[in-house]
Amino acid sequence: MTEIPDAERKSKDGGGSETVARTVLSGEQVSRLLNTNPAEAEVRAREAIAQQPENPGARWLLGAARRRQGDAAGAKEIFQSLVESHPQMVAARFELGLSLRDSGAREAATAVLLETVDLAPNYAAAWYALGDQLDLNDKIPSNIKLRADTAFHAGRYAEAEANLTRCFESAPDSKTARFQYAVLLLVQRRGREALQQIEHLLKEDSSNFICLQLKVTALSEIEEFEHAIPDYENILKDADRLPGTWLAYGRALRALGRYEQAIAAWRRAIEIFPGFVDAYWSLATIKTFRFDAALTDLLRGLLLRSDLPSKDRAQLHFALGKVLEDEKKYAESFDNYQKSHALQQSGSRRTNEMDASFVRRAKAVFSKEFFRERADAGCPARAPIFIVGLPRSGSTLIRQILAAHSQVDATLEFADIPRLARELQSSEPAPRLGYPGLLGPLSAAMCKGFGEKYLLDTAPFRT
C-alpha cells in the first residue's frame, strides 16, 4: 500500500476537488481555507458555481464548507447529489459520510464510509473516521483524543502515535483507539504491526465487518496474498456488491498467478459498478485478456463523459489502446496510448524544474566535505543493503540477484526514509531549510538514532 492520503489530498487524486484546483484554489489552499476560514471557502465555491453550475469540484468545496460551518443537513444534500452524478468521486462520498455522522445518522454514516474505503482502500481519513464509529461509549479522554486526531490529520504521525498510546493507557479496552492506531501504522507502512492490533480487535468480535475490511487491506499491504484470499472470500460471501473489494480480491489473485479468477473478479466489479475505471485498467494489464464488444462499448461510453478526472481518463485511454492493439488497429491504438501518457504527465504534481531544483539542492548539500565530516556518524550496523538507481535501470533485477543469496532477504519498498524526512520537516524551526538542507544541522547522535530506528522498524520484514 502506498501511503494512505488524507482527505484533501484524496480529493485531488481521487477526483474530488481536481476542478477546484484548476479554477478556484490550489489543493493546499483548499485544505488551509477549509480549516481556517470555511465561510471564505464557501464564497469562493459559490463564485465558481455561478460561472460553472455543474463544476463538481466547486460543489464539493461548497458542501465541505457548509459542513464545517455546522450545516450538516445542507452539506448532506450537496454530497448526495454529487455521489449520484459522480459515483467514483470518493471525496464526495467521504464527506457525505461525515455529514450523515454530524446529523446523528450513525448507521447510514458507517455504510457510506465503508463504501468510501471499498472504492479507495488507501483513504486514511475515511478509515480513521470509521474508528470513531466502532464504539460511541468509548471512554477515551477527549483532550488526548483531540490531540491525536489533530496530529493525525496534519500528518504529524509521531505525535499522533504518542497520543493514541496515551489513549490506550487511559482506556485499555478502547476499540476506537486501537483501530485508529492500526490505521496510523498502515499510513506509515507498518503493516505487520497494524495486523497485530486488528487481530486483537477480531478476537473480541470475529465478525466485525469494519475490522475484517481493514485486515485484508493490511494483508495486501504486506503482500500476504495467500492469507488475504480466504478473508476476501468470506467478506464477499456476505457482502457481494462491493466493487472495490472485488477489485482488490482480483489483484491478490493475480499476484498469486491465478489470472482467470482475477479476470472474473474484475468483471464482477464492472457488473456492479459499470463506471469503475480501475477495473477496466486492471483488465487491460492482462496481456492475454481480450475485451468483448460489450465491455468495449462500456469503455468507449465512459470516455465520452466530459466530467471525468484526468487520472480516470488516462486509465481509460490506456485500456482502449490495449483493445485497439489487440484488434491490430495500431495507429488508433498508439494515439490512445499517447493521450494516456499526456494526461498522466499533466496530472503529475512534479515538474522538470522541481526535479532540477531538488538536484541542485542535493548537490549543494551532499559534498565530499559533508560525507567526510560525518564519516563516523550514523548506525554502524551492516544489515541493510541499499540499492540506488534511476527508474527502470535494473534495480529490481539487482534485488532479485542479491536475494538469491542465503543470507540476504528481499523486502518490500519501504517508506521509512521519506517519512523520516517529512517528520524532520514538520519539526524544523523557522527559517525552514527544506530537504535535504535540514540534514546539515543533525548531530552524529541523531543520525545514529535514526539508523537504529530504521533497523528496528524494518526488522519484521526480514526473516
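How many of the 17 residues of helix α20 are buried? I will come to that after two remarks on the model.

This is a predicted model, in which local features need pLDDT of at least 70 and side-chain atom pairs count only at pLDDT 80 or more, while totals for chains, interfaces and linings use all residues. Residues are numbered from 1 along each chain as its sequence is written, and side-chain values use heavy atoms, with hydrogens and water left out.

Now the helix. In α20, 13 of the 17 residues are buried, so the helix is mostly covered. Buried here means under 20% relative accessible area, exposed means over 50%, and partly exposed is in between, with a 1.4 Å probe and protein chains only. Helices are DSSP runs of H or I with at least four residues, numbered from the N terminus. Helix α20 covers residues 310–326 and reaches 24 Å from its first C-alpha to its last, close to the 24 Å expected. That expected span is 1.5 Å times one less than the number of residues. Just after α20, K328 takes a positive phi of about 65 degrees.

Next, the salt bridges. A salt bridge is a side-chain nitrogen of Lys or Arg within 4 Å of a carboxyl oxygen of Asp or Glu. The structure holds 32 of them.

One joins R67 and D102, at 3.1 Å from N to O. R67 sits in helix α5 (residues 56–68) and D102 in helix α7 (residues 90–102), so the pair links distant parts of the chain, 35 residues apart. R67 is buried at 12% relative accessible area, whereas D102 is partly exposed at 37%. Both residues also belong to a network of salt bridges that includes R68, E95 and R101.

Another joins E199 and K215, with the closest N and O atoms 3.4 Å apart. Because E199 is in helix α13 (residues 191–204) and K215 is in helix α14 (residues 209–221), this pair ties together parts that are 16 residues apart in sequence. K215 is buried, at 13% relative accessible area; E199 is partly exposed, at 32%.

The last one stays within a single helix. E369 and R372 both lie in α23 (residues 368–373), three residues apart, about one turn of the helix. Their closest N and O atoms are 4.0 Å apart. As for accessibility, E369 is partly exposed at 42%, and R372 is exposed at 55%.

How values were computed:
Helices (H or I, at least four residues) and strands (E, at least two) are DSSP runs, numbered from the N terminus.
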